[in-house]
Amino acid sequence: MTARVTAGTEPETAATAPGEAATGRDAILLAARRAFTQRPYAEVTIRGIAADAGVSAALVVKHFGRKEQLFNTVADFGPAAEELFDAPLDGLGRHMVLTLVRRRREQKGDPLLRVVFSLGNHDERSLLRDRFHEQVTGRLTARLPGRERALRAELIAGHLIGLGATLSLHRQGAGSHATPEHLADLYAPALQGLVEG
């Protein structure tokens, strides 16, 4: 897992505009998420990710270094958890729904849904599940009051993944036209009930 990947294609040129560099980085992350969640780690290559992202392998290495570092970036749920759980407990359910929906719309991606692609696999992709448990479910468990905190945290995480899956499945459906606030009005009470126990 620690072998250094070298690139043989052209590097990013100095003429690349700042916006283009950010788009290239985003495209690399999307391609890496697809690759690491759909194939065993050993089968994923920097060149394959670069081809899927439409960039050079040198640009992937420039932004992320070795394949292991890129995987660690893809498998990091910490920033998403920090954002999702950054609210007082009495309003946490609503905050989680609003944050998830707004982030999906602004960043064109779901902060948690990629863990679903790791289900049922027994290779390195299990690291995604381990990281999710540690950084999302474990962190939420520590915040919750009362009994059965771990169970409630798992159920909350399931609700959030379910919301993301539903919005992905029905990209042009009614949910795509609803405001984040309206979605929170409908969805957050169930989450808040689990928060409060």
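**Labels and the values behind them**

Guide: Let's begin with the largest pocket, where H1 supplies the largest share of the lining, 8 residues. Please keep in mind that this is a predicted model, where local features need pLDDT of at least 70 and side-chain atom pairs count only at pLDDT 80 or more, while totals for chains, interfaces and linings use all residues. Residues are numbered from 1 along each chain as its sequence is written, and side-chain values use heavy atoms, without hydrogens or water.

Visitor: What makes a space a pocket, and what makes a residue part of the lining?

Guide: On a 1 Å grid over the protein atoms alone, a pocket is an open set of points where a 1.4 Å probe fits, with protein on both sides within 12 Å along at least five of seven lines; a lining residue has an atom within 4 Å of a point. Here the largest pocket has a volume of about 1,100 Å³. Its lining has 31 residues, and Leu30, Arg33, Lys108, Gly109 and Asp110 are the closest to the centre. Two or more lining residues come from each of helices H1 (18-38), H5 (78-84), H6 (92-107), H8 (149-169) and H9 (174-177).

Visitor: How do the residues of that lining divide by type?

Guide: There are 12 charged, 10 polar and 9 nonpolar residues.

Visitor: Why does Val60 count as buried?

Guide: Val60, in helix H3 (residues 57-64), has a relative accessible area of 0%, so it is buried: the word means under 20%, with exposed over 50% and partly exposed in between (1.4 Å probe, protein chains only). Beyond four places in sequence, Val60 is in contact (heavy atoms within 4.5 Å) with Ile28, Ile46, Ala50, Val55, Gly65 and Leu70. Across the protein, 43% of the 197 residues count as buried.

Visitor: Why does Thr141 count as buried?

Guide: Thr141 sits in helix H7 (residues 126-143), and its relative accessibility is 17%, so it falls on the buried side of the cut-off. Not counting residues up to four places away, Thr141 touches Arg149, Ala150 and Ala153.

Visitor: And Glu148, is that residue buried or exposed?

Guide: Glu148 is exposed, because its relative accessible area is 53%. You will find Glu148 in the loop between H7 and H8, with a positive phi near 50°. Most residues other than glycine have a negative phi.

Visitor: What makes a set of residues a nonpolar core?

Guide: Its members are buried Ala, Val, Leu, Ile, Met, Phe, Trp, Tyr and Cys residues, joined through side-chain atoms within 4.5 Å. The largest such core here has 54 residues, and those with the most contacts inside it are Phe36, Ile49, Leu70 and Ile156. H8 gives the largest share of this core, 7 residues.

Visitor: Lastly, why does Ala80 count as buried?

Guide: Ala80 has a relative accessible area of 5%, so it is buried. This residue of helix H5 is in contact with Arg103 and Pro111, neighbours within four places left aside. Ala80 and Thr99 are 19 residues apart in sequence, and their C-alpha atoms are 9.4 Å apart in space.

How values were computed. Grid points are joined across faces, edges and corners, and a volume is the space filled by probe spheres set on the points. Helices (H or I, at least four residues) and strands (E, at least two) are DSSP runs, numbered from the N terminus. Ala, Val, Leu, Ile, Met, Phe, Trp, Tyr, Cys and Pro count as nonpolar, Asp, Glu, Lys and Arg as charged, and the others, Gly among them, as polar.
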